[in-house]
Amino acid sequence: KDMIRELTAVAVGALEYYADLAEEGAVTELDARQNAAEEIRRMRYGTDNKEYYWIIDSEPRMVMHPYRPELEGEDLSNYRDREDTDGVYLFREAANIALETGDGYLSYWWQHWDDPGAVAPKLSYVRYFPEWDWIVGTGVYIDDVDMEMRRLAISLEVVFGGIALVSIALLAWVLAGALRVQRRRDAAEEGLREAKERYRALAEASTEGYMLITGGTPVFANPAMSRMTGRSEEDLLSMGPSDLLDPGMAKD
């Protein structure tokens, strides 16, 4: 809607230019109207430069249409976009919009560009040029807009699908790395547990006294150490290292 409104302003600018020439006396008003209509007839934009402008007056009568020149000069009061009960009196409606509000939008069916055998839904914007009692209009085919929206939706789906796949792959990689770290941790802990068990088994079977102190705290004493000190394992584990080195301990 913004696009066709701004594009119509370009055509109205051309009308204002020729109207000013006529007012200044540089050309007659008739020549100014003819030159303006022909210039707007040649104006194109959009896909393959096939989008165009058309001009009617408030009767409504066709002033200029680049693809339907046979309508020029015709009274279009009873012209409908489709020959059924749902047909829109599009030029009558365009004139009403222009005279009541100065500009506005209308929807209807129309010949698809320069192909007389094809019709398509269209949205147009019309603007009144009161100096000459002309109404300038231009529009876009809604099926083209819908097609573009579908292409955009498909492109977005592809993009977001790719992002989702990359995210899933990254998540799987992170999870796999976490599992590898966890397996290594579990293996290390199992190895430590087995080493402790082996040490305990060797220490308990030894005839020499062994005691394991970690961080200044006894955590293990074998039976030989209990026999040598005359203390139970529980007593030994409750003592500090200095108590174990006390020469009077054996006399207690």
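Visitor: Which side chain does His65 meet in a polar contact with Trp110, and at what distance?
Guide: The contact is side chain to side chain, His65 to Trp110, at 3.4 Å. Bear in mind that this is a predicted model.

Visitor: What lies 3.2 Å from a polar atom of the His65 side chain?
Guide: The backbone nitrogen of Tyr67.

Visitor: Where is His65 found?
Guide: In the loop between strand S2 (62-64) and helix H3 (90-101).

Visitor: Is His65 buried or exposed?
Guide: His65 is buried; its relative accessible area is 1%.

Visitor: Switching to charges. How many salt bridges does the count come to?
Guide: The count comes to 8 salt bridges. As background, side chains of opposite charge can pair when their charged atoms come close.

Visitor: What does Glu72 pair with?
Guide: With Arg41. Their side chains form a salt bridge, 2.7 Å from N to O. Glu72 sits in the loop between S2 and H3, while Arg41 belongs to helix H2 (residues 29-42), so the pair ties together parts that are 31 residues apart in sequence.

Visitor: Is Arg41 buried or exposed?
Guide: Arg41 counts as buried, because its relative accessibility is 19% and the cut-off for buried is under 20%.

Visitor: Why are Arg193 and Glu190 separated by about one helical turn?
Guide: Because they are 3 residues apart in helix H4. Arg193 is partly exposed at 42% relative accessibility. Glu190 is partly exposed too, with a relative accessible area of 32%.

Visitor: Which residues do salt bridges that share partners join into one network?
Guide: Asp2, Arg5 and Glu6.

Visitor: Now the surface. Which residues gather in the patch of negative charge?
Guide: Glu16, Asp20, Glu23, Glu24 and Glu131. Take Asp20 as one of them. Asp20 is in helix H1 (residues 2-24). Asp20 counts as partly exposed, with 40% relative accessibility.

Visitor: What makes up the nonpolar surface patch?
Guide: Leu152, Leu156, Val159, Phe160 and Ile163. Together they make a patch of about 460 Å².

Visitor: Where does Phe160 lie?
Guide: In helix H4 (residues 142-205).

Visitor: Is Phe160 buried or exposed?
Guide: Exposed. Phe160 has a relative accessible area of 53%, and the cut-off for exposed is over 50%.

Visitor: One last spot. Where is the place of Asp86?
Guide: Asp86 is in the loop between S2 and H3. Asp86 is exposed, with a relative accessible area of 55%.

Visitor: How far apart are Asp86 and Glu100 in sequence and in space?
Guide: They are 14 residues apart in sequence. In space, C-alpha to C-alpha, Asp86 and Glu100 are 23 Å apart.

Notes
Residues numbered from 1 in each chain as written. Predicted model: local features only at pLDDT ≥ 70, side-chain atom pairs only at ≥ 80, totals over all residues. Heavy atoms only, no water. Patch = residues over 30% accessible without salt bridge, like charges linked within 9 Å, V, L, I, M, F, W, Y side chains within 5 Å. Areas by Shrake-Rupley, 256 points an atom, 1.4 Å probe, with all protein chains shown as cover. Salt bridge = Lys/Arg side-chain N within 4 Å of Asp/Glu carboxyl O. Lys, Arg positive; Asp, Glu negative; His and termini not counted. Charge placed at Lys NZ, Arg CZ, Asp CG, Glu CD. Helix = DSSP H or I, 4+ residues; strand = E, 2+ residues; numbered from the N terminus. Buried < 20%, exposed > 50% of the residue type's maximum accessible area, 1.4 Å probe, protein only. Polar contact = N/O pair within 3.5 Å; in protein donor to acceptor, adjacent residues only side chain to side chain.
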